[in-house]
Structures are given as C-alpha cells and as structure tokens.
Amino acid sequence: MDTKKLRQKILDLAIRGKLVPQDPNDEPASVLLERIKAEKERLIKEGKIKRSKKSASDTSHYENLPFEIPESWVWTTIEEVTPSLQYGTSEKSKSSGDIAVLRMGNITRKGTIDYSDLVYTSNKADIEKLRLKAGDILFNRTNSSEWVGKTAIYRGEVPSIYAGYIIRMTPIFLDCEYVNMVMNSQYERDWCNFVKTDGVNQSNINSQKLGQFYIPIPPIEEQKRIVETGNYWLHLVESIESNKKDIINTITKAKQEVLRMAICGELVSQDPTDEPAIELLKRINSNIEIPCDNPHYPFDIPQSWCWIKLGALCSFLSRGKSPKYSEERKYPVFAQKCNLYNGDISLEQARFLDPSTLSKWDDIYKLREGDVLMNSTGTGTVGRTRVFHSDCLGTYPFAVPDSHVSVIRTFDSIESKYIHAYLSSKGTQRYLEDNLAGSTNQKELYIGVLDNLLIPLPPQNEQKRIVEEIDRYFNTLDKIKESLTA
C-alpha cells in the first residue's frame, strides 16, 4: 500500500468537497467571504494592514478555475483571506536568545513543525513584529523543488518568530487546519511546480505569487467537518505507515538473523558425507597455515568447519587504484556510490578511465563475476559490501575499482556469496567498524584488517546449501517488503 498516494487522495477529496456531504443548512461560503472582506477593510481603515497593490502580472495562471467545487463553496485567493503575507527576520540567529526562530528545516514533510533543532534571537523589534500566534501558517518560500511551498501550522508549543525564507499566513475567519490541508495537497504541489522560479540549487515563490494562489473555501461548518474527518483518515494512514516501518524493521532484523544462523552453522544441517572444510583448504594450498584451536574464536562452529583468515581464501585481495579520469564514457571506474544502499550495484553514477592509462591497469584489477566489493572509506558507507555481477556492465568491456573500494576475489572452490554473507553480518560489520583507522570525518578500512579477518568456513557443499537457503529467505522477505510499497 502506497501511503503517500493514499494521504494525497484523502486531501484531494477534502478540498474538492467529496470527503464529507454538504449540509443545506450551512451558511454559504459566499457569506463567509463577504465577512472576511469586511474584516480586511476594517483592518485597513485602522492602519493595521495595507491595501494590496495588484498588477496585471499578478493574475492567476489559470484561464479557468482549477476544478469543480460544490455549489455552497467559493473560489478566492490567499491574498483575499489573509491580512498580510509577511516575510520573517533576516537577522542571523544564534544558539541562544530570548525566543526561538523557526527556519525552513523546522517544517516537516508531513506539514508539522519539528522543534528538535532550534536557533534563537534577542532582537526586540523582530520579536514584537514577527511573534507567532497559534493558528499562523508558515510557508516555505524557497528551497529545493521538493520543499518550496511546504507549510505547517504554528500551534504555540514554543514561543517563536520565523526566519526570512518563510512567509506567515494568518487566515481570517477560516479554519487554519482546513487551509493547511489545501496547502499540503497535490493541487498545491502542482501549482508550486508551475509558478516557482528556479535558481542555483533552489526554487522560490514570493509573496505576490502566493497571494494569487486560488483556494477553494467551504462553509465554515463544513470546514470543521472536513478537518475532523480528514484528520481521522490521515491519522489512520499514519498508523499504517508506522506499522509498515515496524514491519520493514522486522524484515531487516530477520535478514540479520538469517545471516547469523548461516555463519554459525544453524541455517542448514550438516551432512556427514561432506568433505570437511580443512580438506578443502589443503586442496587450495597444501602449504596453507591452518589456525589451531583457539578459545578466543568469535563463536563456536560445527566440527566439519574451520576457522581461517580471509586472505588465505583469496586469489586477489586488494584496494583499487587512483584513476585518471576522462570524459570518454568507455571504461567505467567502480566507486563507493556504485555500491547501492538498496543492496545492488550500478554503474550509472560511475566516472570513466582515461584510455591513455589502460597500460597501468593489470587484468587482475578488471572486476569479475562474483567479486565481493567493499567500500573501504567514507563515513556512513565504509564496510558496505556487494557482489559484482557482470550484467551491470551492459555494453562496457570491463570495470575497474578505484582506491576507495576493496576487491575480495576468492578461489573458485569458495562460494563468494557465502563470504559476502559473513562480511554483511551484524557482528562482522561491528568488528570492521571497531578496526577502522583515520579521522572522524574520513574513516578508512585498511586491507590488512580484511586479510587477517577470521572466517568460519563450512565444507564446499554446505557453502552452496547455505547460499541457496539465504537466497530463499531473502527473496521471501524482499517480496513482503515490496508488497508494502506496491
């Protein structure tokens, strides 16, 4: 279930008069609009607000009204139902002061205010002029395309004013909750995308454009019913979304439990006819140094298994090299960002090798099917491990790794997907994190840590059974996860 689309459907029904039935006994919105206009005139005469100065360029971009609304509703503009559209303070805020200053980042994706990261001011003039009142609506007038036009209701939780990239709206005689529903609808998002001015890395909607935004107004009593019913359904969607997150977290934990069982010999049963892992190691290298029994091994493993250093299982274990790049898109360089967060790999964001430097790259650096690739630098991504598959090459002849990626290429008799499972397990990831070097901002995983990493190695046939069983569990869990967002 796509809860984002469901949320927008509820808002769409609400602002089109289709969420609750109309009551013929309600006072028409046209009467409400006349009262709003009279109130604005009173405020103008008393000098509390100024009369707006419209120009030909301020007219709405709509040749016709945006959509049909019930007979008892009216169309008007934001400018007609608010006393003013005021920008916030331009003064730089501080970490402490007399009153909080709400910024763009305090307005969340869901139309609420986040008070967890506040800045402050002690400017008396700004506090007097810009102090927010419960029911004020804050409008993000600039930001990325996704965020410009986002709104939230100030409910008075924390005494606050607001920053210069926000416009304050104070609807007259309207239910602010209803107005905020309109301002968080897809209708409003489409309007923002149409009228916004795009600059470098950000978009902008000024107060003149905002003032000309067309808003559908129901009778005041119907506004209240829409808010009550809309909030009921929106809260239900929130509950579904929360449950989805809980399920997704459970799936993540279930995958880690599958990996834990796999590397401890608990996922599949042992077959006494399998050749013991130690014999497999002797076939790989008759002179291989097999570790002796050690009470300090990470955990107990089945008798037919063997602890061995990762380096002994690899035909190639190395960081990539620092490449010279070119605009010629022929030889992709596999970098950290090619190891995708979702568990796959991709060369879509890869840069490309200078063809004149090909002689400096031995064939051993060309990535092969089954290579285990681990990010070896980068805060937040170091330790991320994926398996290379040649399908991602497309029409490219080959790819090589840069110096921020380690290549773990095992011997043919070792299941690389099993090694990937061990490296991806929670305990191993924690061990790697504990053995990172470098500064806080640039952690680095030295190749020696991987070379000496102890691996619990099963017999060859059991490795295959483990990999098959991991795939079976993961495919089922992934299908459950996909169904939650379908």
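1. Met183 touches Ile78, Phe139, Gly149, Thr151, Met169, Glu188, Leu210 and Phe213, leaving aside residues up to four places away in sequence; contact here means heavy atoms within 4.5 Å. The model is predicted, so local features need pLDDT of at least 70 and side-chain atom pairs count only at pLDDT 80 or more, while totals for chains, interfaces and linings use all residues. Residues are numbered from 1 along each chain as its sequence is written, and side-chain values use heavy atoms, with hydrogens and water left out.

2. Met183 is also one of the residues, with Ile78, Met169 and Leu210, that touch the most other members of the largest nonpolar core, which has 47 residues. A nonpolar core is a set of buried Ala, Val, Leu, Ile, Met, Phe, Trp, Tyr and Cys residues joined through side-chain atoms within 4.5 Å. Buried means under 20% relative accessible area, exposed over 50%, and partly exposed in between (1.4 Å probe, protein chains only). Apart from this core lies another, of 42 residues, including Met374, Ala421, Leu432 and Leu450.

3. Ala421 also belongs to the buried residues of helix H10, together with Ser416, Tyr418, Ile419, Tyr422, Leu423 and Ser424. Because seven of the nine residues of H10 (residues 416–424) are buried, this helix is largely enclosed by the rest of the structure. Helices (H or I, at least four residues) and strands (E, at least two) are DSSP runs, numbered from the N terminus.

4. Helix H1 (residues 3–15) packs against helix H8 (residues 220–264) at an angle of about 180 degrees, with the axes 10 Å apart. H1 is therefore roughly antiparallel to H8, a term used for angles over 145 degrees. Axes are lines fitted to C-alpha atoms, for helices over the stretch in contact, and angles run from 0 to 180 degrees between N-to-C directions. On the H1 side the contact is made by Thr3, Leu6, Arg7, Ile10, Leu11 and Ala14. H8 contributes Ile226, Gly230, Trp233, Leu234, Val237, Glu238, Ile240, Glu241 and Lys244. By class, the contact of H1 with H8 has nine nonpolar, two polar and four charged residues. In this count Ala, Val, Leu, Ile, Met, Phe, Trp, Tyr, Cys and Pro are nonpolar, Asp, Glu, Lys and Arg are charged, and the others, Gly among them, are polar.

5. The structure holds 26 salt bridges, each a side-chain nitrogen of Lys or Arg within 4 Å of a carboxyl oxygen of Asp or Glu. One of them joins Arg319 to Glu444, with the closest N and O atoms 3.0 Å apart. Arg319 lies in strand S14 (residues 314–319) and Glu444 in strand S23 (residues 442–444), so the pair ties together parts that are 125 residues apart in sequence. Arg319 counts as buried at 17% relative accessibility, whereas Glu444 is partly exposed at 23%.

6. Two further pairs are Lys196 with Asp198, whose closest N and O atoms are 2.9 Å apart, and Glu469 with Arg472, at 2.8 Å. Lys196 is buried, with a relative accessible area of 16%, but Asp198 is exposed, at 51%. Glu469 and Arg472 are three residues apart in helix H13 (residues 460–485), so about one helical turn separates them. Arg472 is partly exposed, with a relative accessible area of 46%. Elsewhere, Glu39, Arg42, Glu46 and Lys48 are linked in a network of salt bridges.

7. Phe173 has a positive phi of about 60 degrees although it is not a glycine. Phe173 sits in the loop between strand S9 (166–169) and helix H5 (176–183), and is partly exposed, with a relative accessible area of 42%.

Technical notes: Angles under 35 degrees count as roughly parallel, over 145 as roughly antiparallel, 65 to 115 as roughly perpendicular and the rest as oblique.
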